[in-house]
Amino acid sequence: MKTKDVPEKWVSVPLSRAVRLISHGPLVIVTTAHGGRVNAAPVQWNMPVNDDPPLVALALDAGHFTTQLLRQSREFVVNVPEASLIPAIQVLGGRSGRAGDKLGPAGVKTEPGRRLGTPHLRDGLGFLECRLRAIHVYNGVCLWWAAWFTRRPGGRNSRTTA
Ligand SMILES: Cc1cc2nc3c(=O)[nH]c(=O)nc-3n(C[C@H](O)[C@H](O)[C@H](O)COP(=O)(O)O)c2cc1C
């Protein structure tokens with residue numbers, strides 16, 4: 001098909017913005033902790049990759065403080081925010097925890113982890129406590145694969161065995 005024959009309903013998208021066509025999943029806030037430091041960062045590039053065992057993948061810049069803490073603790077929490085956390089998301093996504101605590105300035109509170117040493121956010125729709133299973137690094141981007149804890153039918157909490 002020649003360019004002039006392209007139907008008008010198609011709009012050309014700049015390459016730098018094309019990722020938005022496939023980046024429409026829920027934004028999450030990832031909490032991490034290690035050596036007395038607790039951190040939180042918004043992460044848009046997250047996705048479930050399996051349900052049994054439950055697995056989640058995150059794409060994170062290798063330079064993020066979150067990435068450093070995650071490498072050290074090998075665990076993190078995926079927090080599902082609600083709309084009231086939008087101002088906090090702007091703060092958490094606008095600076096690095098490497099320079100100092102940003103949870104205080106963001107006004108977010110945490111609660112101790114249920115199964116992990118990593119706390120989760122006190123407010124929000126829910127959270128998944130995740131243990132790291134594998135890392136793939138390409139060109140400064142780390143793809144993290146992790147299994148989360150689940151409450152299985154029957155009522156007993158059990159750890160997944162990915
Ligand atoms: C809405 C939003 C979504 C983001 N999604 C991602 C993401 O998927 N992956 C990533 O590496 N950084 C993402 N970021 C950028 C980090 O959250 C940001 O650089 C943060 O300051 C990193 O903090 P840290 O150094 O304390 O880990 C996002 C930021 C915002 C505001």
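Select Asn139 to begin: this residue sits in the loop between β8 (126-138) and β9 (141-148). Helices (H or I, at least four residues) and strands (E, at least two) are DSSP runs, numbered from the N terminus. The model is predicted: local features need pLDDT of at least 70, side-chain atom pairs count only at pLDDT 80 or more, and totals for chains, interfaces and linings use all residues. Residues are numbered from 1 along each chain as its sequence is written.

Stay on Asn139 and check its backbone: phi is near 55°, a positive value in a residue other than glycine. Is Asn139 buried or exposed? Asn139 counts as exposed, with 5 C-beta neighbours inside 10 Å. For these labels, C-beta atoms are placed from the backbone, and a residue is buried if 20 or more others lie within 10 Å of its own, exposed if 12 or fewer, and partly exposed in between.

Now colour the strands on either side of that loop. β8 and β9 run antiparallel and are joined by eight bridges; two strands pair if DSSP finds at least two bridges between them. Tyr138 has Val141 of β9 as its bridge partner.

Next, show the whole sheet. It is open, with seven antiparallel strands in the order β2-β1-β5-β8-β9-β4-β3. β2 and β3 are the edges; each has a single partner strand, so one side of each lacks a neighbour in the sheet. From one strand to the next, the twist averages 30°.

Move to β1 (28-34). Six of its seven residues are buried, so β1 is largely enclosed by the rest of the structure. On one pairing, seven bridges connect β1 to β2 (37-43), antiparallel, and Thr32 has Asn39 of β2 as its bridge partner. The hairpin of β1 and β2 has two residues between the strands, and there Gly35 takes a positive phi near 55°. Three bridges link β1 to β5 (75-80), also antiparallel; look for Thr31 with its bridge partner Val77 in β5.

Now select α1 (65-73) and turn the view until its buried residues show: Thr66, Thr67, Leu69 and Leu70. Why are they on the same side of α1? They cover an arc of only 165° around the axis (taken from the directions from the helix axis to the C-beta atoms), which puts them on the same side. The buried residues of α1 pack against β1, β2, β4 (54-61), β5, β8 and β9; contact here means C-beta atoms, placed from the backbone, within 7 Å.

Follow the chain out of α1 to Arg74, in the loop between α1 and β5.

Then pick the loop between β3 (46-51) and β4, where Pro53 is found. A cis peptide bond joins Asp52 and Pro53, with omega about 5°. Most peptide bonds are trans, and most residues other than glycine have a negative phi.

Finish at the ligand. How many residues surround it? There are 19, and the closest are Trp45, Thr66, Gly93, Ser96 and Gly97; a residue is near a molecule if its C-beta atom, placed from the backbone, lies within 6 Å of it. β2, β4 and α1 each supply at least two residues of this shell, and β2 gives the largest share, four residues. By type, the shell has nine nonpolar, seven polar and three charged residues, where Ala, Val, Leu, Ile, Met, Phe, Trp, Tyr, Cys and Pro count as nonpolar, Asp, Glu, Lys and Arg as charged, and the others, Gly among them, as polar.

Notes:
Contact = placed C-beta atoms within 7 Å. Axes fitted to C-alpha atoms, helices over the stretch in contact; angles between N-to-C directions.
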